[in-house]
Amino acid sequence: MLNLLRRRPASVPLIRAAFSAPLHTTENRPGYIVLVPEIGEEGPLGEGVLKPDGLPAFSDITIEMCLGAIGQQASAVENSVKALESDLHSGKQLNAASIFRELDTVTGPLETTWGVAKALYLGNSTLIPTKSYMNIHERARNARAAKFCNQTVYKALKDASSVSGPDEQRMRQKFLLEGKLNGLTLDKDKQDGLKELLTHLGRERANFKNKVNMAVHSFGQIITDFNLVRDFPPSLLEATARDPGQPMTGPWKITLQPQVVDGFLKHCPERLQRWNVWRASVLKASSQQEKSLENSTHLEKIRGLRKRQANLLGYESFADMSMQTKMVGSVDNLKQIFAKLLKFAGPAQSVELEKLQSFAQDSGCEYKLEAYDVAYWRRKQLAAEHGLQEQKLREFFPLPRVLSGMFALSEKLFGIQIVEQPNAEVWHPAVKFYDVFDADSSNSSTPVGGFYVDCYSKEHKFGRNNGWMVGIRNSNKSAGLTPLCALIFNFSEPPSPDAKPPLLGYDDLQMLFKTFGSGLQHLLTQAGYSDLAGLSNIEWDASQVSGHVMSNFLDDPTVIRSLSGHFSSGEPLEAELSQKMRLLKTQLAGYNLCQDLYLADLDVELHRSNAFWLEVVRKLWPVYQCMPLDKKDAHPCSLTDIFAGDWAAAQFSHLYSRLIAADISSSFAEQRSEDNYAVVGRRYKQTFLSSGGSVPTAEVFRRFQGRDPSGEALLKSLDIFEPSQTTDNN
């Protein structure tokens, strides 16, 4: 364990989005603030955080060391910006490349210490408590923002007559866009107005989030009857049992945590109980429940403030402003994509729900299915008609076997070698470190990067079986730094080395592959600057592409079988079941896609329309949903990702990343063989994984596919594409 750091934060699961999509700067303040005087500003830069080999000295790192290092490194960045500003004021001629190299070099150590703190916080917040981590996070974020919020640097780059290379041109574009979104094009009075507006917006977002949290914790449905929880998976039993150490004993408390609600609706056999939890969930933080916790007022204030922010910066709406950092480019383009996907998803949804209703009736159901019935009867249908019982399937996917199979697949796909380094310093004995070697590298015997794997994070506050890719350090050629990241999961740790390992369900497999796919993009980047490396500077709606491409290999029955091995016998999954496992993705795919389209369009319209939020809901609901809207449904009042988080007018990004990934994966699927996988994998590595944010994703895609993206591959991957319906070249 750590020496003085005896205390193992995530940022929330949104950590990756908040840190790895730096183009999304709508919430950054013009200027920066030095927040915490206890963070040291003197002494050697980051002394003790890194060992001579460049890896973090986890055995010796202390909280005080991280706080001191981040203060020194943040000051170094700010002083470098000030010195650069002074040189420019004095008339010194600096070219763009030298500006970027200097800032990249001085920012490297800061981002490394910040990344180490993120990994420790996520692994176990007793190692770096939340208050200490938030001090580090805010100090680092504000220092990093300093280089993008400097008027003199912005003007020098804007006036630059020529920029040497493509990486420098891309960096210049980034600095100019960041500067514009942070108000550097405004006069002093408007900058002050923007700063005041963003402060007000920050308070409203915090109020929104706090009320949702209070509403979530104010509900608790106690269950004492084991028959109501008998089908719960182990992770859900542990999350709801009074004593997680004895999850079969009970009683069980059902809260409004999203993972608990989803699991309960899927596994509880009693309809009235399902209705009660579902209704509490869709009404939380609304005036239909505790008046003091209603969020409708905050929601409308947030919408109004965001519209004013966009108008100040020269955009008609917040949605239009959001598109500046998105691959899709404009709201009109996005709406066309929605319409083309809905043309297939809508009819598919109707057929799927009719079939589900018929199955339920044949199984003794005497009621018309509602939203709170769908997940339960879908699970029953998969088991009855296809023999897909998720608890039985789990037995074939023990975590260690899946990890080794995933690494082996990646090695074949991308010409890499993943080698465990058992002597590396880690923050917990169960954490492992791996070097990554690239056969295509100029020095294939030297690692191009490395990653930590912590499967048993102690952070269960966000539910179990989650995963995060934490970028500890970007590739930074100016500072001579190779990339490091941590893959952190909160599976339940076995009580002893000989005990049964965690057994993964299909959703767990998807999550594991997505997390590792993002890690590969972080590690295999060839971009010249830290701010362009890995996931940095990638448009928000393309930031999850690499994760989804990796998870799409689970559509291949051969891959599924290669990952499988019964935890007791080692026998692989039966070929027939491995063929059927894809149904776990495609069953009710039209229905699920319509849910995603509705939420994406709702988010856009709430940040474009002036109508009251409920009017927007009532207008869009019948466009995408077959089932009627409950009269009291107030789900927007608890959409924290959108109204308290970073996904305002960006919720569609999740779906759009899937669309791009499906198109990429179609090239792998054209011929499911090792030879084809290796050929396409090499092309994918040389485009998407190598480019990072140094090239716009639309251009990277054209280099890979030779054309623009199409939604057809996504529809085909979900088995809802009908050739008889025209796609209008979608």
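Author: A cavity is a set of points, on a 1 Å grid over the protein atoms alone, where a 1.4 Å probe fits but cannot get out, a pocket is an open set with protein on both sides within 12 Å along at least five of seven lines, and lining residues have an atom within 4 Å of a point. The model is predicted, so local features need pLDDT of at least 70 and side-chain atom pairs count only at pLDDT 80 or more, while totals for chains, interfaces and linings use all residues. Residues are numbered from 1 along each chain as its sequence is written, and side-chain values use heavy atoms, with hydrogens and water left out.

Reader: How much space lies in the second largest cavity?
Author: Its lining is made up of Glu 390, Leu 393, Arg 394, Phe 397, Leu 504, Gly 505, Tyr 506, Leu 509, Met 581 and Leu 584. A volume is the space filled by probe spheres set on the points, which are joined across faces, edges and corners. On that basis, the space in the second largest cavity is about 40 Å³.

Reader: Which helix gives the most to the lining of the second largest cavity?
Author: Helices (H or I, at least four residues) and strands (E, at least two) are DSSP runs, numbered from the N terminus. At least two residues of this lining come from each of α15 and α17 (506-523). With 3 residues, the helix that gives the most is α15.

Reader: How many charged residues are in the lining of the largest cavity?
Author: The largest cavity, of about 80 Å³, has Gln 521, Ile 538, Tyr 684 and Phe 688 among its lining residues. Ala, Val, Leu, Ile, Met, Phe, Trp, Tyr, Cys and Pro count as nonpolar, Asp, Glu, Lys and Arg as charged, and the others, Gly among them, as polar. The lining of the largest cavity divides into 6 nonpolar and 6 polar residues, and the number of charged ones is none.

Reader: Which helix supplies the largest share of the lining of the second largest pocket?
Author: This pocket has a volume of about 470 Å³, and of its 20 lining residues the closest to the centre are Pro 234, Glu 238, Pro 501, Pro 502 and Leu 503. By class, the lining holds 11 nonpolar, 4 polar and 5 charged residues. Both α8 (234-240) and α15 (390-394) supply at least two residues, and the largest share, 3 residues, is that of α8.

Reader: At what angle do the axes of α13 and α14 cross?
Author: In contact (heavy atoms within 4.5 Å), residues of α13 including Leu 353, Leu 356 and Phe 359 meet residues of α14 including Val 374, Trp 377 and Gln 381. By class, this contact has 7 nonpolar, 1 polar and 4 charged residues. Axes are lines fitted to C-alpha atoms, for helices over the stretch in contact, and angles run from 0 to 180 degrees between N-to-C directions. The axes of α13 (residues 331-362) and α14 (residues 371-386) come within 10 Å, and their crossing angle is roughly 75 degrees.

Reader: Which strands stand at the edges of the open sheet?
Author: The sheet has 5 strands in the order β3-β4-β5-β7-β6, with mixed pairing, where two strands pair if DSSP finds at least two bridges between them. A strand with a single partner has one side left without a neighbour in the sheet, so the edge strands are β3 (416-420) and β6 (467-473).

Reader: What is the bridge partner of Gln 417 in β4?
Author: Helix α16 (residues 399-414) lies across β3, β4 and β5 (449-454), running at about 150 degrees to β3. Strands β3 and β4 (residues 432-438) run antiparallel and are joined by 5 bridges. In β4, the bridge partner of Gln 417 is Phe 437.

Reader: Which residue has a positive phi although it is not a glycine?
Author: Most residues other than glycine have a negative phi, and most peptide bonds are trans. A cis peptide bond, with omega of about 0 degrees, joins Gly 250 and Pro 251, and Pro 251 lies in the loop between α8 and β2 (252-254). In the loop between α17 and α18 is Asn 537. The non-glycine residue with a positive phi, of about 70 degrees, is Asn 537.
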